[in-house]
Amino acid sequence: MDETEFWEIVDSTREAADGDPEEHADLLVERLARLDPDSVLDFARHFEARYNRAYRWDLWGAAAVLLGGAGDDAFDFFRCWLIAQGREVFEGAMHDPDSLAELLEDFDEELDGDGEDLGYAADEAYEQLTGVVSPDLGLPPQAAEPEGTPFGLDDDAALADRYPALWERFGPA
């Protein structure tokens with residue numbers, strides 16, 4: 001599976017789910033379960049590589065603004081959700097996290113930002129196909145610390161300064 005096919009699967013299942021992360025995860029499992037096991041593992045590698053690539057302080061700060069705070073688990077689930085928003089949103093956020101203010105047309109604080117189930121979709125599909133747990137993907141492990149320079153994720157002034165567009169749109173009223 002190449003990168004284009006990976007993003008096509010992400011986009012088509014998100015559109016069919018009308019943006020609902022839980023429905024998206026269910027549709028993703030169904031779609032992946034129609035592939036062969038090696039293709040599901042390829043999808044998982046693409047997903048995991050992007051998940052690890054998004055382990056950055058600047059994205060964590062953007063997540064903190066969008067979610068009204070983001071601990072370790074919340075940021076993990078946010079990264080899954082971010083990948084599920086598709087290539088344009090993901091790559092835009094990687095280039096400039098503050099651009100999420102423009103890239104996210106709608107953001108429902110009750111529904112969006114938590115893609116925990118999306119992170120398990122390939123594993124579930126692989127297990128459905130083979131009856132066994134997914135093998136190691138052969139990718140380097142996530143870094144011990146996020147990339148970049150740490151800063152106070154609970155410092156409203158710092159977040160407002162770093163992410164002016166996100167803060168204006170999603171920060172506390």
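Residues are numbered from 1 along each chain as its sequence is written, and side-chain values use heavy atoms, with hydrogens and water left out. Because the model is predicted, local features need pLDDT of at least 70 and side-chain atom pairs count only at pLDDT 80 or more, while totals for chains, interfaces and linings use all residues.

Across the whole structure, 8 salt bridges were found; a salt bridge is a side-chain nitrogen of Lys or Arg within 4 Å of a carboxyl oxygen of Asp or Glu. Side chains of opposite charge can pair when their charged atoms come close. One of these bridges joins Arg50 and Glu3, with an N to O distance of 3.0 Å. This pair links distant parts of the chain, as Arg50 lies in helix 3 (residues 37–53) and Glu3 in helix 1 (residues 3–16), 47 residues apart. Helices are DSSP runs of H or I with at least four residues, numbered from the N terminus. Arg50 is buried, at 9% relative accessible area, whereas Glu3 is partly exposed, at 28%. Here buried means under 20% relative accessible area, exposed over 50%, and partly exposed in between, with a 1.4 Å probe and protein chains only.

An α-helix has 3.6 residues a turn, so residues three or four places apart point the same way. Asp11 is partly exposed, with 24% relative accessibility, and Arg14 is buried, with a relative accessible area of 15%.

Arg53 and Glu91 also meet through their side chains in a salt bridge, at 2.8 Å from N to O. Distant parts of the chain are again linked by this pair: Arg53 belongs to helix 3 and Glu91 to helix 6 (residues 87–95), 38 residues apart. Both partners are partly exposed, Arg53 at 38% relative accessible area and Glu91 at 27%. Salt bridges that share partners join Glu3, Arg50 and Arg87 into one network.

His46 is also located in helix 3 and counts as buried, at 16% relative accessibility. Apart from neighbours within four places in sequence, His46 is in contact (heavy atoms within 4.5 Å) with Met1, Asp2, Glu3 and Phe6.

Helix 4 (residues 57–67) is mostly covered, with 9 of its 11 residues buried. Among them are Trp57, Leu59, Trp60, Val65 and Leu66. The buried residues of helix 4 pack against helix 5, helix 6, helix 7 (100–103), helix 9 (156–162) and helix 10 (164–170). Just after helix 4, Gly68 has a positive phi of about 70 degrees.

On the surface, a patch of negative charge includes Glu22, Asp72, Asp114 and Glu124. Patches are made of residues with over 30% relative accessible area and no salt bridge, like charges being joined within 9 Å. Asp and Glu count as negative, and the place of a charge is taken as CG of Asp or CD of Glu. Helix 2 (21–32), helix 5 (72–84) and helix 8 (121–130) each give two or more residues to the negative patch. Its largest share, 4 residues, comes from helix 2. Glu124 lies in helix 8 and is partly exposed, at 42% relative accessibility.

Definitions and conventions
Patches are made of residues with over 30% relative accessible area and no salt bridge: like charges are joined within 9 Å, nonpolar side chains (Val, Leu, Ile, Met, Phe, Trp, Tyr) within 5 Å. Accessible areas come from the Shrake-Rupley method with a 1.4 Å probe; for residues, only the protein chains shown count as cover.
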